[in-house]
Amino acid sequence: MKKFILVLLLMVTVISVTAQETHSAFNSGEWFRFRIHYGIFTASYATLEVKDDSINNMPVHHIVGTGKSSGLLSVFFKVEDYYETYIDKNEVKPYRFIRKINEGGHTKDIEINFDHHKSEALVFNKKYNKKETFPIKPDVQDMMSSFYYLRNTIETSSLKKGDEQYVNMFFDNENYHFKLKFLGREVIRTKMGKIACLKFRPYVKADRIFKEEESMTVWVSDDDNRMPVRIKADILVGSIKADLDAFKGLKHPFKIVID
């Protein structure tokens with residue numbers, strides 16, 4: 001069950017697609033909580049929150065993501081994950097990304113500072129007191145900032161079933177190129193009621209976490225908030241399901257489907 005919080009955040013990261021039109025989907029004060037199921041058990045809860053802050057005397061959105069194991073899982077496998085990103089409020093690009101995790105004794109403590117003028121990322125591995133510089137791609141995003149950036153640029157009216165888009169992301173010390181396929185629209189039942197959603201298939205690497213490239217499916221609210229509602233993934237040791245459990249501070253009205 002190792003890395004299930006990381007899997008959730010990776011899934012949340014790639015649930016939107018790029019477009020030309022800019023849209024403001026979120027603001028400071030927004031907060032999400034997800035309930036993560038591993039089989040029939042509630043394995044964890046994870047949260048994402050947007051705050052006002054500053055970095056280098058520049059006003060930014062400071063976004064914090066946390067995850068912690070719960071129930072029986074916490075007895076046998078303790079998980080504490082902490083993620084942060086500081087993003088430009090106008091262009092929604094990352095200036096700093098922090099990843100601090102403890103997953104059953106496996107720990108990481110990494111800070112990434114982005115220099116967009118030099119097209120470089122300075123990676124500080126605090127666990128080993130090691131600093132390295134890596135090249136980054138144009139319009140790069142970190143694992144968390146990409147979600148918020150893409151929420152602001154998705155154009156839902158022009159989406160067609162089968163459309164494929166790509167997302168650039170820098171994570172730890174590598175550039176990733178995600179491919180997404182739009183699967184269509186679907187109304188799903190949640191604890192908040194029935195929600196009209198956009199359904200996507202991110203193509204992930206078949207490795208020690210995922211069974212195959214098409215192991216993941218995500219549902220995003222088909223409204224101006226474009227918030228993650230449900231995520232499913234088949235992994236090598238079973239399946240994970242994450243449901244939006246609670247939220248507050250949405251910028252736009254939340255709609256449910258009335259029969």
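Modeller: A residue is called buried under 20% relative accessible area, exposed over 50% and partly exposed in between, with a 1.4 Å probe and protein chains only. The model is predicted, so that local features need pLDDT of at least 70 and side-chain atom pairs count only at pLDDT 80 or more, while totals for chains, interfaces and linings use all residues. Residues are numbered from 1 along each chain as its sequence is written, and side-chain values use heavy atoms, with hydrogens and water left out.

Phe171 has 7% relative accessibility and is therefore buried, whereas Tyr176, at 22%, is partly exposed. Rings of Phe, Tyr and Trp (its six-membered ring) pair if their centres lie within 6.5 Å; planes under 30 degrees apart are stacked, over 60 edge-to-face, and the rest tilted. There are ten aromatic pairs by this rule. Among them is the tilted pair of Phe171 and Tyr176, with 6.5 Å between centres and 55° between planes.

The charged end of Arg96 is placed over Tyr86, 5.9 Å from the ring centre, and Lys248 lies over the face of Trp31 at 5.5 Å.

Finally, the side chain of Asp88 makes a polar contact of 2.6 Å with that of Tyr95 (N or O atoms within 3.5 Å; within protein, one able to donate a hydrogen and the other to accept it, with sequence-adjacent residues counted only if both atoms are side-chain atoms).

Technical notes:
A charge sits over a ring if NZ of Lys or CZ of Arg is within 6 Å of the ring centre and within 35 degrees of the ring normal.
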